[in-house]
Amino acid sequence: MISAKNISKTYDNKKVLDNVSIEIKKGEIVSIVGPSGAGKTTLLHVLSTLDFADKNDKSALFLNEIRIADLKQKEISKFRNSQIGFIFQFHELLPEFTALENVCIPGMIRGDKPKELESRAEKLLKTLDLVHIKNQKPSELSGGEQQRVAVARALINEPSILFADEPSGNLDSKSADNLHQLFFDIRDRLKITIVIVTHNKKLADMADRKLSLVDGKWVK
Ligand code: ADP
């Protein structure tokens with residue numbers, strides 16, 4: 001679950017997020033839409049602990065009931081690695097590694113045993129219908145396959161929250177539809193919370209809740 005209150009973020013004297021609050025229940029899929037420059041990515045980064053809000057007595061961020069401000073930097077990194085998965089517009093897979101190796105990376109960072117990690121990754125690739133390309137490098141995969149490998153990488157540590165920033169922005173419409181369906185399958189199977197920033201109207205409308213951000217504020 002996510003509970004954020006009075007989140008503001010200022011860059012160079014410009015308020016990019018202006019007192020934004022949001023509550024998201026476990027297992028909910030929320031889409032965030034809005035024009036370019038509205039602050040969507042900034043909000044996603046703050047909610048996912050990749051970035052911090054402006055210091056302010058009234059602001060607070062709780063993830064899974066944990067007050068993030070109470071954690072030390074090291075604890076935040078550990079929390080992020082175990083509880084949060086990320087999917088970006090450009091898959092960000094490492095080109096010199098195979099699909100399977102890419103999926104294993106967050107587990108390696110956590111210090112999982114290689115054998116156990118590899119078998120978990122294989123299982124995951126199987127459920128995402130990707131096991132046949134496990135030994136291929138990202139450049140040998142289609143855009144849709146690359147993005148599904150990125151989804152597998154985001155899920156390998158069994159996170160409770162998944163953040164996606166324009167996940168289908170770079171895909172053809174059929175691959176985009178498949179990826180969108182995958183988010184809903186994942187939620188149904190794993191009961192994880194999913195927050196998606198998207199310009200894709202179909203995806204935004206499929207979500208349990210669609211929120212619009214304009215100039216760093218929610219609009220109706
Ligand atoms: P969106 O995702 O809605 O397109 P962003 O969150 O990426 O919007 O950006 C919102 C505003 O914040 C933009 O005007 C952008 O230029 C500015 N911004 C984002 N990140 C930084 C940064 N690291 N430094 C300075 N300005 C930034």
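Q: With which residue does Asp112 form a salt bridge?
A: This is a predicted model, in which local features need pLDDT of at least 70, side-chain atom pairs count only at pLDDT 80 or more, and totals for chains, interfaces and linings use all residues. Residues are numbered from 1 along each chain as its sequence is written, and side-chain values use heavy atoms, with hydrogens and water left out. A salt bridge is a side-chain nitrogen of Lys or Arg within 4 Å of a carboxyl oxygen of Asp or Glu. With closest N and O atoms 3.0 Å apart, Asp112 forms such a pair with Arg120.

Q: Is Asp112 buried or exposed?
A: A residue is called buried under 20% relative accessible area, exposed over 50%, and partly exposed in between (1.4 Å probe, protein chains only). Arg120, the salt-bridge partner of Asp112, has 15% relative accessibility and counts as buried. Asp112 has a relative accessible area of 17%, so this residue is likewise classed as buried.

Q: How far apart in sequence are the parts that the pair Lys5 and Glu23 ties together?
A: Lys5 forms a salt bridge with Glu23, with 3.7 Å between the closest N and O atoms. Helices (H or I, at least four residues) and strands (E, at least two) are DSSP runs, numbered from the N terminus. Because Lys5 lies in strand β1 (residues 2-11) and Glu23 in strand β2, the parts tied together are apart in sequence by 18 residues.

Q: Does Glu23 count as buried or partly exposed?
A: Lys5, across the salt bridge from Glu23, has 39% relative accessibility and counts as partly exposed. Glu23 has 43% relative accessibility, so this residue counts as partly exposed.

Q: In which loop does Asp208 lie?
A: The side chains of Arg187 and Asp208 meet in a salt bridge, at 2.7 Å from N to O. Arg187 lies in helix α6 (residues 173-190), so the pair ties together parts that are 21 residues apart in sequence, with Asp208 in the loop between α7 (201-206) and β9 (209-214).

Q: Which residues do salt bridges that share partners join into one network?
A: The two ends of the Arg187 and Asp208 pair belong to separate classes of cover: Arg187 is buried at 13% relative accessibility, whereas Asp208 is partly exposed at 43%. Elsewhere, salt bridges that share partners link four residues into one network: Arg110, Asp112, Glu116 and Arg120.

Q: How many residues of each class does the shell around the ligand have?
A: The shell holds the residues with a heavy atom within 4 Å of the ligand, including Tyr11, Asp12, Val16, Pro35 and Thr41. Ala, Val, Leu, Ile, Met, Phe, Trp, Tyr, Cys and Pro are counted as nonpolar, Asp, Glu, Lys and Arg as charged, and the others, Gly among them, as polar. By class, the shell has four nonpolar, five polar and three charged residues.

Q: How much of the area that the ligand exposes when taken alone does the protein bury?
A: In polar contacts, which pair N or O atoms within 3.5 Å, a polar side-chain atom of Lys14 lies 2.8 Å from a ligand oxygen, and a polar backbone atom of Gly37 is 2.7 Å from an oxygen atom of the ligand. A backbone N or O atom of Ala38 lies 3.0 Å from a ligand oxygen. Of the 570 Å² that the ligand exposes when taken alone, the protein buries 60%.

Q: Which element gives the most to the shell around the ligand?
A: Among the residues surrounding the ligand are Lys40, Thr41 and Thr42. Six of the eight residues of α1 are buried, among them Lys40 and Thr42. With three residues, the element that gives the most to the shell is α1.

Q: Where does Thr49 lie?
A: Thr49 has a phi near 70 degrees, a positive value in a residue other than glycine. Its relative accessible area is 1%, so Thr49 is buried. Its place is the loop between α1 and β4.

Q: What separates the C-alpha atoms of Leu63 and Leu47?
A: Leu63 lies in strand β4 (residues 60-63), and at 0% relative accessibility it counts as buried. Not counting residues up to four places away in sequence, Leu63 touches (heavy atoms within 4.5 Å) several residues, including Met1, Leu47, Thr49 and Phe79. Leu47 and Leu63 are 16 residues apart along the chain, and the separation of their C-alpha atoms is 8.3 Å.

How values were computed:
Polar contact = N/O pair within 3.5 Å; in protein donor to acceptor, adjacent residues only side chain to side chain. Areas by Shrake-Rupley, 256 points an atom, 1.4 Å probe, with all protein chains shown as cover.
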